[in-house]
Amino acid sequence: MTTKQCRAILIALISSLAFASCGQVDDPCKTKSRVVADDKYCDKYWECDNGQSVQYDCPNGLVFAGKHRGVTDGCDYPWRSNYCEYPKVQINPPIGTEHCDWLYGIFGHETSCTRYWTCWNGTATEQLCIGGLLYNENAHSCDWPENVDGCQKHPLCNEDPNGNVPLGKSCNRYWQCQGGYPRLQRCPAMLVFDRRSLRCVVPPTEECDVPTTTPPPIEEEPQPRHPPHISKRPNQQEYQENQARLKQRN
Ligand SMILES: *[C@@H]1O[C@H](CO)[C@@H](O)[C@H](O)[C@H]1NC(C)=O
């Protein structure tokens, strides 16, 4: 092969590679789902409308996830999966409103480690992490304090980082602070938590009678100082996941 031939082959190879990496959006009208992702922008997609391929934007802050997937029809939070991996980028700039960096998303609270905002079309709803959990910016959900940078300690344990704290009106459950981290604890059978001495004692106490031998089937939930707002939107699921995690840990 001459140098010239070799160069020609190389050029042909390079241009075909360049062509392949520029990619071609599949015609959505030729696919079964009639929706395809854009090849460059993760917040855009193509849909077949009356036989024509039309480009659409995901709601601000969301990226294309696939037909019938995500928190809206087809679009999802970018951090929920690898929807937006290099070299794909989000092209639409954020549209911010009060508490929301984007119109849709989950965002940290400005002043509290136990609160966060869920934003839906720019409307922010304040959410509360319960059960000693703190909002984790990276996970976009409530998490154990040791996993949350800058918010390791819980205000519950401010008074005494290694003390016990009553849990609402519960007679047998309480918080045990360990180095500022609260842990849910239960008094041994037949003992009750005494709010004066902050210990498990033999009943009765002022608030608690002798417990029944069979514990009630429904567990009393940890009582946050403010009731959590449970939105019907994606947070319901996260809330339940947190509840499940909490139950596992205790
Ligand atoms: C989002 O809010 C804007 C105005 O605040 C409204 O015009 C629009 O219809 C809303 N979109 C959705 C999908 O709710």
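In what order do the three strands of the open sheet stand, and is their pairing parallel or antiparallel? The order is β6-β7-β8, and the pairing is antiparallel. Here strands (E, at least two residues) and helices (H or I, at least four residues) are DSSP runs, numbered from the N terminus. Two strands pair if DSSP finds at least two bridges between them. The edges are held by β6 (105–108) and β8 (123–128). Each has a single partner strand, so one side of each is left without a neighbour in the sheet. From one strand to the next, the twist averages 30 degrees. For such angles, axes are lines fitted to C-alpha atoms, for helices over the stretch in contact, and values run from 0 to 180 degrees between N-to-C directions.

The model is predicted; local features need pLDDT of at least 70, side-chain atom pairs count only at pLDDT 80 or more, and totals for chains, interfaces and linings use all residues. Residues are numbered from 1 along each chain as its sequence is written.

G105 has C119 in β7 as its bridge partner. In a regular strand, side chains alternate between the two faces of the sheet.

The loop between β7 and β8 contains N121. N121 is not a glycine, yet its phi is positive, at about 55 degrees. Burial was assigned from C-beta atoms placed from the backbone: a residue is buried if 20 or more other C-beta atoms lie within 10 Å of its own, exposed if 12 or fewer, and partly exposed in between. N121 has 13 C-beta neighbours inside 10 Å and therefore counts as partly exposed.

Beyond β8, I130 sits in the loop between β8 and β9. I130 counts as buried because it has 20 C-beta neighbours inside 10 Å. The C-alpha atoms of I130 and D143 are separated by 9.8 Å. Along the chain, these two residues are 13 residues apart.

H140 lies in the loop between β9 (134–136) and β10 (141–143). With 19 other C-beta atoms within 10 Å, H140 is partly exposed.

Strand β11 (residues 164–166) pairs with strand β12 (residues 173–178) over three bridges, in the antiparallel sense. N164 is placed opposite Q176 in β12. The hairpin of β11 and β12 has six residues between the strands. In this hairpin, G168 adopts a positive phi near 50 degrees.

Strand β12 also pairs with β13 (residues 181–186). This pairing is antiparallel and spans six bridges. Y174 stands opposite Q185 in β13. Two residues separate β12 and β13 in their hairpin. G179, in the turn, has a positive phi of about 60 degrees.

Cis peptide bonds were also examined. One joins Y86 and P87, with omega about 5 degrees. P87 is located in the loop between β5 (75–76) and β6. The peptide bond from P203 to P204 is likewise cis, and its omega is near 0 degrees. P204 belongs to the loop between β15 (199–201) and α2 (235–249).
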